[in-house]
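Subject: The model, and what turned up in it

Hi there,

Here is the structure I promised to pass on. Could you open it alongside these notes when you have a moment?

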Amino acid sequence: MHSGTIGVSQAMQIAANVAVLERECDYFLQHAAQQCGIPVRSVDSRQGSLRAKIVLKTSRDAAYLALLSLVNSKLDEFMSLTENVNWTSDDVPQHANEYVNEVVIYLDTLVSTAQQILPLDALYKVGIDALEHISNSILGAFLSDSVKSFNTNAVMSINHDLNALESFADEKFHSTGLHEIHSEGSFRGA
C-alpha cells in the first residue's frame, strides 16, 4: 500500500479484501471451535477473538487512509482547473464550469466501483471525504491569492457548480442505499 505505485482501484481492492478477511476471522474461529468440539457460544465472547483480527483491522484502516489520500490527490488534479474560472466574467453563466463535469464523471466512476466491492460504511466514508475535499477546494479557490476580485457572475457560476455537485450527491446517496443506514447525514451535507 505504501509503495507509491498503487492506484485508486488497487487501494480500493486491498481495502475490500482486508475487510473480507477481517469478517471471516469470526467465522474461522467458530468453525475451528466446532471442529474441536468446543461450544460455539464460548468463542462468541470478547475473549474468543483472534489476534489476526486486530492486525487486519489496523491494515484495513491503513488501506482506507491510503485510498482516501489517493482519491483526494486525483480530485486535486481536477480542482486545479478552478484556475481557469473567469472570476470577473461579463457573461451570466448558464451552467456549471467544465471542471465540475470532470469531477462528477470521476466521482460517478469512483462511487460505482466502490459500491461493488466496499462495505457500505466504507463507501460512505469515501463519498463524504471526497465531497468534503471538493468543498474545501472550492472555498480555497475563492481565498486564493490568484483571485484578486470576483463579481456576481462568478458567484452565480460557482453556485451552478455547487448545484451540480449537490444533485450528484443526492442521487448517489439514494441510489447506493446509503440513505437507509445513514439517515442522520447525507453526501449533500459534505
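First, the ground rules. This is a predicted model, so local features need pLDDT of at least 70 and side-chain atom pairs count only at pLDDT 80 or more, while totals for chains, interfaces and linings use all residues. Residues are numbered from 1 along each chain as its sequence is written, and side-chain values use heavy atoms, with hydrogens and water left out.

Let me start with helix α4 (residues 98-117) and its neighbours. Helices here are DSSP runs of H or I with at least four residues, numbered from the N terminus. Axes are lines fitted to C-alpha atoms over the stretch in contact, and angles run from 0 to 180 degrees between N-to-C directions.

**α4 and α6**

Helix α6 (residues 152-175) packs on α4 at an angle of about 15°, with the axes 10 Å apart. The pair is therefore roughly parallel, a label for angles under 35 degrees. The crossing of α4 past α6 is right-handed, meaning that the near helix is turned clockwise from the far one by less than a right angle. Residues in contact (heavy atoms within 4.5 Å) include V103, L107 and V111 from α4, and I158, L165 and F168 from α6. Sorted by class, this contact has ten nonpolar, three polar and three charged residues. Nonpolar covers Ala, Val, Leu, Ile, Met, Phe, Trp, Tyr, Cys and Pro, charged covers Asp, Glu, Lys and Arg, and polar covers the others, Gly among them.

**α4 and α1**

Helix α1 (residues 8-36) crosses α4 at roughly 25°, and their axes come within 10 Å. These two are therefore roughly parallel to each other, and α1 also passes α4 in a right-handed crossing. On the α1 side the contact is made by V8, M12, Q13 and A16, and on the α4 side by Y106, L110, T113, A114 and I117. Seven of these residues are nonpolar and two are polar, with no charged ones.

**α4 and α3**

The axes of α3 and α4 come within 9 Å and cross at roughly 160°. That makes α3 roughly antiparallel to α4, the label for angles over 145 degrees. This crossing is right-handed too. V71, K74, L75, F78 and M79 of α3 meet Y99, E102, V103, Y106, L107 and L110 of α4. The classes here are nine nonpolar, no polar and two charged.

**The core**

Which residues touch the most other members of the largest nonpolar core? They are V103, L107, L118 and I134, out of 46 residues. Such a core is a set of buried Ala, Val, Leu, Ile, Met, Phe, Trp, Tyr and Cys residues joined through side-chain atoms within 4.5 Å, where buried means under 20% relative accessible area with a 1.4 Å probe, protein chains only. Helix α5 (120-143) is among the elements giving two or more residues, and its ten residues are the largest share. Beyond its neighbours within four places in sequence, V103 is in contact with L75, F78, M79, I134 and L165.

L75 sits in helix α3 and is buried, with a relative accessible area of 0%. Outside four places in sequence, L75 is in contact with V103, Y106, L107, A130, H133 and I134.

Best wishes

How values were computed:
Angles under 35 degrees count as roughly parallel, over 145 as roughly antiparallel, 65 to 115 as roughly perpendicular and the rest as oblique. Buried means under 20% relative accessible area, exposed over 50%, partly exposed in between (1.4 Å probe, protein chains only).
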